[in-house]
Amino acid sequence: MKKIITALSIFMLLCLAACGAPTPQKSGEQASSEGGDSDSKSITVAGNGGVIEQTIRDVIAPKFEEETGIKVNYIPGLSGEILSKVELQKNAPHIDIAFFVPTDVYRANEKDLTETLSEENVPNFSNVIDDFVSVEGAGAPVFGLAIAPAYNTESFEKNGWGPIESWNDLVSGDYEGKTAFVDITNDWGFNTLNALAMANGGSTDNVDPGIEKAKELAGYSTTFYKNSTQVMPAIQQGAADLSVLGSYVISDLAESGIPIKMAIPKEGVPLQAFSATLVKNTPKEEQALQFIDYLVSEEAQSLIAEEGFYPITEGVELPEKYQESIGIAEDDPTFKPDVPQFAEIRAEWSDRWNKEVVPEIGKLLE
């Protein structure tokens, strides 16, 4: 009888194991299922690649994890691509924080894909410089920049070319096609068209003067680059002596030994930022808000400024090593773009650019 009972006991235990009876955890071991404690100690951030990805991965994330125990997973991509991903995942987000360019901050907000950010849930917001805020309450500026002309100082001196004092000075046959301007699909190209409109009596409401000047710019250009990453090799290899770039790219090129400097035309340069947005319905809201608050802290902004970005927080200065290449003096003209209006008219401007400006490429070159 004992043998029969023992055999039945063994049989029942085997059945329980086969049916998925839980395996006892060792002391201190955490469950690995999604949504468990271990999962709550990490967040997923999506943003641009290049120097921004490097800064987050190598500089900011390790410091944040050391201080909070929260791990940061980073997904690189272009702003528009990230916006599409966030929209597709809106019912079950895999991304907790999304970095956007200004117009995409506006679009994400209009599509109700982001949560409101303010001093109430991001205390360090109280020290943020307003000029870098794209859309009030829709995102926290993190990586400050200007979009401005940049020129090879040695080539300009060697050829006796005058300084860039106006956005109109970008348009000249003197440069013999040695320019590297990007297409309007990129923020640099879009802001170039807006600046050309301003320089010729137009505005965001009246782009006609800008289109006419852009036709001339196209005439003296061999191409318009589709991707901003194509511009850097052209400058590094000496194929281009003049461009319009984000200031952080200018500082990076200058630090690598390229004799390049930012020019600030009399019409001014636009100040803006790559902004962190809190994705709506993220299950990691508390941890994500901690990270955003850290990003706009003096400590994080000091680290970010060391990578060549303008600090967006009061009390933090651009490091001395970048002053020569991208420094902005107090009396230098800058302005804050009308981001909502930019978002509204971008499609119309892009259509006109492709129909009226692109066909003029190279027509004025000998």
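What is the handedness of the crossing of α6 and α7? The legends below, which describe a predicted model, take up this question together with other close-up views.

**View 1. The crossing of helix α6 and helix α7.** Helix α6, which covers residues 187-199, and helix α7, which covers residues 208-219, have axes that come within 7 Å and cross at roughly 115°. That angle makes α6 roughly perpendicular to α7, and the crossing of the two helices is right-handed. On the side of α6 the contact is made by T192, L193, L196 and A197, and on the side of α7 by P209, G210, I211, K213, A214 and L217. Sorted by class, the contact of α6 with α7 has 7 nonpolar, 2 polar and 1 charged residues.

View 2. N191 lies in helix α6, and because its relative accessibility is 5%, N191 counts as buried. When residues up to four places away in sequence are not counted, N191 touches I147, P270, Q272 and F342.

**View 3. The packing of helix α4 against helix α13.** Helix α4 (residues 102-110) packs with helix α13 (residues 339-357) at an angle of about 85°, and their axes are 8 Å apart; α4 and α13 are therefore roughly perpendicular to each other. In this contact P102, T103, Y106 and R107 of α4 meet V339, P340, F342, A343, E344 and R346 of α13. The classes represented in the contact of α4 with α13 are 6 nonpolar, 1 polar and 3 charged residues.

**View 4. Helix α2 beside helix α11.** The axes of helix α2, formed by residues 50-68, and helix α11, formed by residues 298-305, come within 10 Å and cross at roughly 155°, and α2 and α11 are therefore roughly antiparallel to each other. The crossing in which α2 passes α11 is right-handed. The residues that make the contact are T55, V59, I60, K63 and E67 of α2, together with E299, A300, L303 and I304 of α11. By class, the contact of α2 with α11 divides into 5 nonpolar, 1 polar and 3 charged residues.

View 5. In soluble globular proteins, nonpolar side chains tend to be buried together. The largest nonpolar core in this model has 96 residues, and those with the most contacts inside it are I56, F143, L245 and F291. Strand β5, which runs over residues 140-152, gives the most to this core, with 9 residues. Leaving aside neighbours within four places in sequence, F291 is in contact with I43, V45, I56, I60, F64, V72 and I97. Apart from this core lies another one of 16 residues, which includes A46, V105, Y106 and L113.

**View 6. V133 in a loop.** V133 is found in the loop between β4 (114-115) and β5, and because its relative accessibility is 6%, V133 counts as buried. Not counting residues up to four places away in sequence, V133 touches F125, V128, P141 and K336. V133 and A273 are 140 residues apart in sequence, while in space they are 7.4 Å apart from C-alpha to C-alpha.

**View 7. The chain as a whole.** The chain has 13 helices and 11 strands, and buried residues make up 51% of its 366 residues. Among the contacts in the chain with a separation of 6 or more, residues 24 or more positions apart account for 75%.

Technical notes:
Residues numbered from 1 in each chain as written. Predicted model: local features only at pLDDT ≥ 70, side-chain atom pairs only at ≥ 80, totals over all residues. Heavy atoms only, no water. Core = buried A, V, L, I, M, F, W, Y, C linked by side-chain atoms within 4.5 Å. Buried < 20%, exposed > 50% of the residue type's maximum accessible area, 1.4 Å probe, protein only. Helix = DSSP H or I, 4+ residues; strand = E, 2+ residues; numbered from the N terminus. Contact = heavy atoms within 4.5 Å. Axes fitted to C-alpha atoms, helices over the stretch in contact; angles between N-to-C directions. Parallel < 35°, antiparallel > 145°, perpendicular 65-115°, else oblique. Left-handed = near helix turned anticlockwise from the far one by under 90°. Nonpolar A, V, L, I, M, F, W, Y, C, P; charged D, E, K, R; others polar.
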